[in-house]
Amino acid sequence: MTSTLLPEERVERLSTASTRRVLEPEELFDWSSLGDGQIIADELLSTHGLGLDLTAEQKVRLSREEVAAMLGTGIRFEAALMAGFSLQITEADDLADPRVTYMLHEMGEETRHSRAFARLIEKLAPTAVDPLRTGVIGWGTDRMMRLTIGSPAVLYTFVLAGEEIPDLLQKRAAEHPDTDPLLAEVNRYHRQEEARHLAFARMLLPETWERASHADKTFVWHVVPGLVREMYENMIHAGVFAAVGLPGIATWKAARNHPGRVEIRVEACRPVLDTLVDAGAIERGKIPRAWRALCAVDPDGAPA
C-alpha cells in the first residue's frame with residue numbers, strides 16, 4: 001500500500017530511526033575473532049563454476065583477497081556518496097529541511113560502516129593491487145566519479161545500485177553457514193542500516209528527477225547502466241586473482257562473464273530499474289537498451 005505521508009514526514013521517520021540506533025563498530029565487534037582460514041564458502045567465490053583446480057591454501061587466500069577488495073570498493077563508494085551529499089548541503093537553500101538532516105544522519109552511519117570495513121581489511125591483510133586504479137583508466141574513473149557527485153539524479157541512481165549490489169552479496173554471505181562469524185555479523189550490521197538508505201534514495205529520486213537537466217537524464221538512460229556493470233565487475237579486480245597465482249586478467253574476464261556472476265548482477269540491478277520506472281524516470285515499453293542489457297529484461301521490463 002502506498003504511504004500517505006508527505007516526503008518530509010517520511011524522511012523525519014528515517015531520522016528518528018537513525019537517532020535511536022547509533023551502532024559503533026568498535027563497540028559491537030570483537031575484531032580479534034576473525035578466523036585465519038577461508039572466510040567464505042567455495043560457492044561464494046567469484047571463481048566458482050570456472051573449473052579451476054585450486055588448492056586449499058589458494059582458496060583461503062582468494063576468499064580473503066576477494067572480501068578485502070569488495071570492502072575497499074564499499075569504502076570508496078560511501079566516500080563518494082558522502083561527497084555528493086556534502087555538495088548538496090552546501091547548495092541547499094533551507095538547511096533546516098528534513099532531507100538535509102537525514103543526509104547528515106546517513107553520512108554518520110556511512111562513516112561507521114567505512115570504519116568497520118577498514119578494520120576488516122586490516123585484519124585480512126590483502127596483498128592484491130588493482131591494475132585499473134592507475135593510468136588512463138584510473139584517471140577516467142576518477143573523472144567520472146567527480147561528474148557523478150555533482151549530479152543528484154546520477155548520484156541517487158548510483159546510490160541505488162551501490163546499495164542493492166552489496167546488499168545481495170552480503171545477504172548471501174551472512175546467510176551461509178560457512179561464512180566466518182565476524183564477517184557475517186558485519187554484513188548483517190551493514191544491511192540493517194542500508195535498508196534506510198535505500199528507502200531515502202527511492203523517496204528522493206522522483207523529485208530529484210523532476211529538477212534534472214536533459215543532459216543528466218540522458219546520462220542516466222544510456223551511460224549509467226554500463227558504469228554500474230563495470231562497478232560490479234571490478235569489485236573483485238584482476239589483481240585479486242594474480243595475488244593467488246592465477247592469470248589475473250584472463251581469470252577476471254572468465255569470472256565476470258560466468259553465468260553465476262551475471263545472475264547476481266541481474267538480480268541486484270532489476271530493483272534499481274523498477275525504482276527508476278516508479279519514479280517516472282523510465283517508461284515501461286521504452287526501457288533503454290543499456291538498462292535492458294544490464295538487467296536482462298525486455299522493453300517492458302519483463303525478464304528476457
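**Figure 1. Salt bridges in the predicted model.** The structure contains 20 salt bridges, a salt bridge being a side-chain nitrogen of Lys or Arg within 4 Å of a carboxyl oxygen of Asp or Glu. This is a predicted model, in which local features need pLDDT of at least 70 and side-chain atom pairs count only at pLDDT 80 or more, while totals for chains, interfaces and linings use all residues. Residues are numbered from 1 along each chain as its sequence is written, and side-chain values use heavy atoms, with hydrogens and water left out.

**Figure 2. The salt bridge between arginine 99 and glutamate 8.** The N to O distance of this pair is 3.0 Å. Arginine 99 belongs to helix H4 (residues 98-124) and glutamate 8 to helix H1 (residues 7-20), so the contact ties together parts 91 residues apart in sequence; helices are DSSP runs of H or I with at least four residues, numbered from the N terminus. Arginine 99 is buried, at 12% relative accessible area, whereas glutamate 8 is partly exposed at 31% (buried, under 20%; exposed, over 50%; partly exposed, in between; 1.4 Å probe, protein chains only). A network of salt bridges links Glu8, Asp97, Arg99 and Glu207.

**Figure 3. The salt bridge between lysine 171 and glutamate 175.** Their side chains meet at 3.2 Å, N to O. Both residues lie in helix H6 (residues 152-175), four residues apart, or about one turn of the helix. Lysine 171 is partly exposed at 32% relative accessibility, and glutamate 175 is exposed at 55%.

**Figure 4. The salt bridge between arginine 196 and glutamate 193.** The closest N and O atoms are 3.7 Å apart. Arginine 196 is buried, with 11% relative accessible area, and glutamate 193 is buried, with 1%.

Key. Helices (H or I, at least four residues) and strands (E, at least two) are DSSP runs, numbered from the N terminus.
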